[in-house]
Amino acid sequence: MTAIHVLTATARLAPVQALAAARCESDCALEARQLSVYYGAFRAVKDVSLKIQRQKITALIGPSGCGKSTFLRALNRMNDLIPGSRTEGEVIFEGCNIYAPGVDPVEVRRRIGMVFQKPNPFPKSVYDNIAWAARINGFRGNMDDLVEQSLRQAALWDEVKDKLRQSALALSGGQQQRLCIARAIAIRPEIILMDEPASALDPIATLKIEDLMHELVKNYTIIIVTHNMQQAARVSDYTAFLMMDEDRAGYLVEYGPTDEVFTNPKDRRTEEYITGRFG
Amino acid sequence: MNTLSAPSAPTVRYLPEGDSFRSHMAARHKKGTLWLTIFQAATLVSILALTALLYNIINQSFGWVAVRNQVEPEALAIEGTPLEELSKEQLITILEAYISKGVMRRLESEKPFSVRSREDVYQLVEERVINPEILRSWPLADSLLRRSAIHQEVVETFPGARLQFRAWINPQFLRAPQSANPAKAGVRTAMLGSLWIVGLTILVAFPVGVGAAIYLEEYAADNPLNRLIQTNINNLAGVPSIIYGMLGLAIFVRGLEPVTSGAIFGLSDPTTANGRTVISASLTLALLILPLIIINAQEAIRAVPRSLREASYAVGATHWQTIWHHVLPSALPGILTGTIFAMSRAMGETAPLVVVGASTFIAHDPTGPFSKFTSLPIQIYQWTARPQDLFRNLAAAAIIVLLVLLLAFNAVAIILRNRYRSKRREG
C-alpha cells in the first residue's frame with residue numbers, strides 16, 4: 001500500500017522506536033505512548049499508554065468526563081479540529097507516530113475511521129453518503145458494487161436496497177448509525193474508532209450494532225468508548241478503565257482482557273466502578 | 001395571616017399557604033397581565049405606525065385630478081367623425097392647423113410623417129393639440145369624502161376643467177421616463193437605474209463577502225490581528241452610509257475616474273466622463289453592504305453543526321472538501337437570506353448615491369455600468385423636494401414601486417431558501 005510508504009517516509013522515526021514498533025507489529029494495531037491531551041491549559045488526558053490488539057474489540061470505559069472520548073479522538077487526530085487543543089506523546093500506527101511532523105492528518109483519518117455518538121449521515125442520499133466518501137479518496141472502481149458491498153457488511157443492504165436514492169436523514173436512528181459504519185468501512189480503514197455508537201439508540205438497534213461489531217472485527221480493529229458496562233462486557237475482547245484525578249485529568253487505571261477486568265480486576269477502583277459503587 | 005412569622009406554628013413554614021398563598025398568587029398573575037398589556041400596546045403602536053404609512057402612500061397615489069384640455073377633443077371632430085376614428089392623414093391636417101410650421105418641420109426631421117404610424121400621429125395630436133394639463137390633485141380620502149365640495153371648487157376656480165379619477169401608479173407611470181410634466185413623468189429610468197446598481201453591487205459584494213467570511217471562519221487563526229479585523233468588520237456595519245458616500249466619491253469617482261467613467265475601455269462619452277456612473281454607485285454600495293454580507297455569512301457558517309464537519313473529516317476529507325461539499329451547501333440558505341437583506345438595504349440607500357453623484361434628472365435609460373444614473377430613492381427624494389404638489393403624488397406612486405420591488409426581492413429570497421432547504425432534507 002502506497003499510503004504506508006507515505007506515512008513511513010514522511011515521519012522521521014528514531015531507529016530505537018522503529019525497532020520497538022516492529023516488535024509489536026504482529027499483534028499490535030495501534031499504540032499510545034504517554035499520550036496527553038490538553039484543551040488550552042486544561043489537561044483532559046494524562047500519560048495514557050496502551051497497546052491496541054489487532055482485529056480485536058477494545059472497550060474504553062470509565063466515569064463521565066474521564067477523557068475516554070478525548071483519548072479516542074486523539075487516536076485519529078480528530079482533536080486537531082478543536083481550537084486550542086494540544087497533544088503530547090505518541091500514537092504509533094503502522095510503525096510510525098501519527099503526530100510526527102510531516103504526517104498528514106487527512107491520511108491518518110482515512111486509515112483510522114470513526115463512528116460518532118450521534119448518527120451523522122450527510123444530508124445526501126443513502127447511496128451518495130457512501131459514494132462521496134469513496135470518491136473524495138480517489139476511488140475509481142465500480143461505485144455500485146462498493147456501495148452494495150459496504151451496505152452488506154454493515155448489515156443494512158436488505159433494509160435500504162430499495163431506497164438508495166432517498167435521503168439518509170429519512171432512515172431510523174439505528175439505520176443511520178449503520179449507514180455511518182458502512183460509510184466508514186467503504187474507504188477500507190485499518191481501524192474503526194467508535195464513540196458510544198449505540199448510546200442514542202434503542203435496545204434493538206443497539207443489539208444490531210453489537211452484532212455488526214462482532215462481524216466487523218474479523219476484518220478490522222475496533223476501539224469503542226462506552227458508558228454501558230454490560231455492552232463493554234458483551235462485545236469487547238479487551239477493556240481499558242480510565243478515571244480522572246483531582247485535576248479532572250483522565251488516566252489509565254487498568255487494561256487487560258475483558259474477562260479478567262470484569263471478573264478479577266487487579267485495581268480496587270476498577271472493582272468499585274464495575275460493581276457500581278461509583279460513577 | 002403571615003404564617004412565616006407565626007411563633008406558635010409547630011414547624012417553621014417558609015412558603016405562604018392558604019389565603020396568603022392565594023393573594024400572593026393573584027399578585028403574581030396581575031404582574032403577568034400588566035406585562036402582557038404592555039407588549040400588546042407595543043405591537044399595536046407598531047401596527048398603527050405601519051398603517052399610517054400605508055394610508056399616507058395610498059392616499060397620495062390615487063384621487064381626483066382637475067384636468068383642462070387646451071383644445072377639447074370634441075372640437076377636433078371632422079364632419080361628425082370623432083377624433084378617435086380619424087385617419088392618419090386627417091390627424092396630420094389637425095396637427096398642421098394647430099402647431100407652428102417650425103415645430104412641424106422638427107417633427108418631420110425627427111421622423112418623417114410618411115413613416116409614422118397612425119397611433120404615433122394620434123399621440124402627437126393628444127400631446128401637442130389637446131395637451132391636457134393637470135391643474136390640481138386631491139388625495140384619495142378627500143376624493144371619496146368631499147366629492148361635491150371638490151366639484152364645486154373645480155367649477156369655481158378652474159373653469160373649463162374636468163374632474164377625473166387618476167391612479168398615479170399606472171402602466172404608463174412604469175413605462176415613461178422622467179419628465180418635467182407631472183402628467184407624463186414616470187419611473188422607468190429610476191427603476192432601471194436601481195436594478196443596474198443593485199445588480200452590479202451584488203455581483204461585486206456577494207463573492208467578496210462570502211469569500212471573506214469563509215476565510216475568517218474557516219482559516220483565520222485566533223490571533224490579535226484577526227480579532228482586530230473581525231472587530232473592524234463588525235463596526236463597519238454600523239458606519240453611517242453617508243460616510244461610505246464620501247469614500248466612494250474620493251476613491252471611485254475621483255481616484256479611479258478613468259476606470260469608472262469607462263475612458264480606459266474607450267467607452268467614455270462627454271456627459272459621463274466624470275466618474276459619476278452606475279459602476280461608481282455600485283462599488284460604493286458594495287462597500288456599504290460588504291460587512292453585512294460577511295457577518296451574515298459568518299453566522300451561517302458558524303451554525304453548520306460540528307457533527308457534519310466531523311463526519312466529513314472522519315472519512316478522510318480535506319479541509320477544502322469539507323468546506324465545499326458540506327459547510328457551504330449547509331450554510332447557503334443562511335448566506336442567501338443575509339445577501340438578500342443586504343440587497344434590500346442597497347436598494348433603499350439614498351445618501352451615499354447623492355454624494356457619489358446621482359443625476360436628479362435623466363430622461364434616457366442607463367445602458368451599462370458607465371451610464372449616468374439615478375435610482376428610485378433618489379427620484380422619490382427629488383420629487384418630494386419639488387414645490388409643485390403634483391410631484392408629491394408621483395413620489396407616493398414611486399414609493400409603491402420601490403416597496404413592491406423590495407417585497408419581490410424578499411419573496412424570491414424566501415422561496416429560494418425554502419426550496420433549497422427542502423431539497424437538502426430530501427437529499
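**View 1. The salt bridge between chain B and chain A.** In this predicted model, one salt bridge is counted between chain B and chain A. The partners are R73(A) and E310(B), whose closest N and O atoms are 2.8 Å apart. With a cut-off of 4 Å between a side-chain nitrogen of Lys or Arg and a carboxyl oxygen of Asp or Glu, the pair therefore qualifies as a salt bridge.

**View 2. Polar contacts and the elements of chain B that touch chain A.** Four residue pairs, with both residues at pLDDT 80 or more, are in polar contact between chain B and chain A. On the side of chain B that touches chain A, the elements giving two or more residues are helix 13 (306-314), helix 14 (319-348) and helix 17 (390-426) of chain B. Helix 13 of chain B gives the most to this side, namely eight residues. By class, the side of chain B that touches chain A comprises five charged, eight polar and six nonpolar residues.

**View 3. Extent of the contact between chain B and chain A.** Chain A contributes 23 residues to the contact, and chain B contributes 19 residues. The size of an interface is often expressed as the accessible area lost when the parts come together. Between chain B and chain A, the buried area is about 1,800 Å², and carbon and sulfur atoms give 63% of that area.

**View 4. Domains of chain B.** Chain B is divided into domain 1, covering 64-166, and domain 2, covering 188-426. A distance of 44 Å separates the C-alpha centres of domain 1 of chain B and domain 2 of chain B.

Definitions and conventions: Residues numbered from 1 in each chain as written. Chains lettered and ligands numbered in written order. Predicted model: local features only at pLDDT ≥ 70, side-chain atom pairs only at ≥ 80, totals over all residues. Heavy atoms only, no water. Contact = heavy atoms within 4.5 Å. Buried area = accessible area lost by both parts, 1.4 Å probe. Polar contact = N/O pair within 3.5 Å; in protein donor to acceptor, adjacent residues only side chain to side chain. Helix = DSSP H or I, 4+ residues; strand = E, 2+ residues; numbered from the N terminus. Nonpolar A, V, L, I, M, F, W, Y, C, P; charged D, E, K, R; others polar. Domains from an automatic or database assignment.
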